[in-house]
Amino acid sequence: MSLSALDEGLAIPEAPAEHGTLETALRASRDAGRKLLVPYVTGGLGDDWADIVRAVADAGADAIEIGVPFSDPVMDGPVIQEASELALRSGATPVTIFDELRTIDAGVPIAVMTYYNLAFHMGHERFAQSLAAAGVSAAILPDLPLEEVGPWATAADAAGVETVLLAAPTAPDERLPRVVARSRGFVYAVGLLGVTGERDALASSSLVIAKRLKAITDKPVLVGVGISNAKQAVEICAEADGVVIGSALMRRVLEGVGASGAGAFIAEIRAALDAG
Amino acid sequence: MALAAPTSSGRFGEFGGRYVPETLVPACQELEEAFREAWADPLFRAELDGLLADYAGRPSPLTECHRLSAELGVRVLLKREDLNHTGSHKINNVLGQGLLARRMGKKRLVAETGAGQHGVASATVAALLGMECMVYMGEVDIERQALNVFRMRLLGAEVVPAMSGSRTLKDAVNEAMRDWVATVETTHYCLGSVMGPHPYPWMVREFHTVIGLEAREQCEALLDGGIPDVVTACVGGGSNAIGIFSGFADTDAELVGVEPAGGAAVGRGVPGVVHGMKSYLMQDEFGQVQEAHSISAGLDYPGVGPEHSHLASIGRATYEQVTDAEVIEAFQLLSRTEGIIPALEPAHALAWISRDRAKLAGKTVLLNMSGRGDKDVGQMMEILG
Ligand SMILES: Cc1ncc(COP(=O)(O)O)c(C=O)c1O
């Protein structure tokens, strides 16, 4: 039986040299001596998710990740799973979320975090153009590793959408530079072996991966997965340029703290980072 | 070899690939490397063949069904994977992966299971090789396959309920992958079908080609011309089907996979990406994966292995659908006519033969009897009263 050599996943286009909106903004803040803070908010969760986005922006976020919920979030722990399930059950779709994003004037760049099938299903070009039309700067697709990113990245690059790649503690030294070279916006350092969720203490692997990445790139290096509070954020920022805060924020949102509570939590982290 | 190896990126035609979190990419690469080496190593093959013979009881017989054939007007041959140790074909794959995991220095297996047959096989091999074993199983399946849950625990495995989504096989796969993301340094993910990221669909197929190789030889001894007209098997992820298809892909035999109507990835799905692979997938208009609904926990899955998507798209195999009611009929039919109580999964393939018997009249059909029905009698007692 013959096999067609449709090895689409192998052709990885080189990342465009010019920085997009997200990377430009993050570099500017970082180069001004500021530690970067990127909260994650599940899109379509509750009536007030847009207010939460604005509140965390006002509280000092440098950019915001909007989760577009997927039925099978394999990189996510219980908190983001629950947030995703609730949002889906209340009727959230990529289209409703993009529509609402278009009207949110957060004043900072927006990155969408979702799983690849939503982009694949809509079609790479259409999905990338929908993001751009909604004012989204970047996309994070945690189940689309370097080897498979080609077809999506081609469409995203053309639409001016930056594709942020994840760099994991398990990557051997020869792999990290290739991941870094293709990552746009920032490099998302996975802080630990595991899925998203709060941890009691900062994993030592976060410091190690941040250090390894900082040694090979001047792109902003942000650590996510497991960063749970202001203290841990400050600790990791000894090595990293910044942090992504997901489950710690969404747990509070699920507990009902609302936009003001979400803003207060992010403000607390902002203050700690600014104080160093 | 009848079925080709995938491309270097793990593709069968346009399907397959390796869509996993970055954390798992090195582990998949390492597994691919280890499998290539082991599969080419005569010592590994000899150890596996020894276990398949002396532990699992291979070769499994080929049984001609005289009374069933008379009743249907179709000559039916059964490849008796139900007679393997642990009661299904799943042991072929797990013995292979268990030996491979040990060779890679892994001390712990995680597995997902639907009907519990793969979980039981994993727990069994973990006991045999002295490894730790954790099995994720949907809460719904834990209820309907209680006997297998008890067996796994008796064998020393820990069974963890998957509580999210439909609380069936799809969610058990999610939980197993989440476990693996956290434990990849010490743990081997013992995936139970020809699905998931490269190299699993290929590797699991290779461990099941023994079904097809044996069946081909057995058919050659039994049949004029040596080749059945039709080779059929049920398809959940598709491992037992690809195993028997592999023996006949280079012949004129028609290859027919049978899916449950409520979990028909090939029949009702469109291409999508989940659980590490691109394949046909039941999903909504936005690409959210739909929940499957089937009487059979082993087939209650909205996706399918990528090689089946490929075989369907090039027309080498066709995929039929049967309803739960037709399966319940077939379950009783085989019990009554042949004294063989089938698992609900292979009863799907028989249900198709029975329904389409006019079309199949006079033909010889080889059916992969992938498992025995002991695990299902409790559920059937309730249904049949
Ligand atoms: C007896 C039996 N047959 C078939 C299957 C389905 O798996 P596959 O399609 O991979 O053969 C199962 C799964 O639990 C099973 O127990």
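Q: How does the lining of the second largest pocket divide by class?
A: This is a predicted model. The lining of the second largest pocket has four nonpolar, eight polar and seven charged residues.

Q: And how much space lies in the second largest pocket?
A: About 330 Å³.

Q: Which residues are closest to its centre?
A: Of the 19 residues lining the second largest pocket, those closest to the centre are Ser71(A), Glu85(A), Leu88(A), Gly165(B) and Glu291(B).

Q: Which elements supply at least two residues each to that lining?
A: They are α3 (78-89) of chain A and α8 (169-183) of chain B. The largest share, five residues, comes from α3(A).

Q: Why does the second largest pocket lie between domain 1 and domain 2 of chain B?
A: Because domain 1 (11-51 + 89-200) and domain 2 (58-88 + 209-384) of chain B both give residues to its lining.

Q: Turning to the largest pocket, what is its volume?
A: The largest pocket has a volume of about 420 Å³. It is lined by 21 residues, and the closest to its centre are Arg45(B), Glu206(B), Thr209(B), Val210(B) and Leu213(B).

Q: Which elements give two or more residues there?
A: Those of the largest pocket are α2 (42-54) and α9 (200-222) of chain B. With seven residues, α9(B) gives the largest share of the lining.

Q: What about the classes in that lining?
A: The lining of the largest pocket holds 11 nonpolar, three polar and seven charged residues.

Q: Where does the largest pocket lie relative to the domains of chain B?
A: Domain 1 and domain 2 of chain B both contribute to the lining of the largest pocket, so it lies between them.

Notes
Residues numbered from 1 in each chain as written. Chains lettered and ligands numbered in written order. Predicted model: local features only at pLDDT ≥ 70, side-chain atom pairs only at ≥ 80, totals over all residues. Heavy atoms only, no water. 1 Å grid on protein atoms, 1.4 Å probe; cavity = no way out; pocket = protein on both sides within 12 Å on 5 of 7 lines; lining within 4 Å. Points joined across faces, edges and corners; volume = space filled by probe spheres on them. Helix = DSSP H or I, 4+ residues; strand = E, 2+ residues; numbered from the N terminus. Nonpolar A, V, L, I, M, F, W, Y, C, P; charged D, E, K, R; others polar. Domains from an automatic or database assignment.
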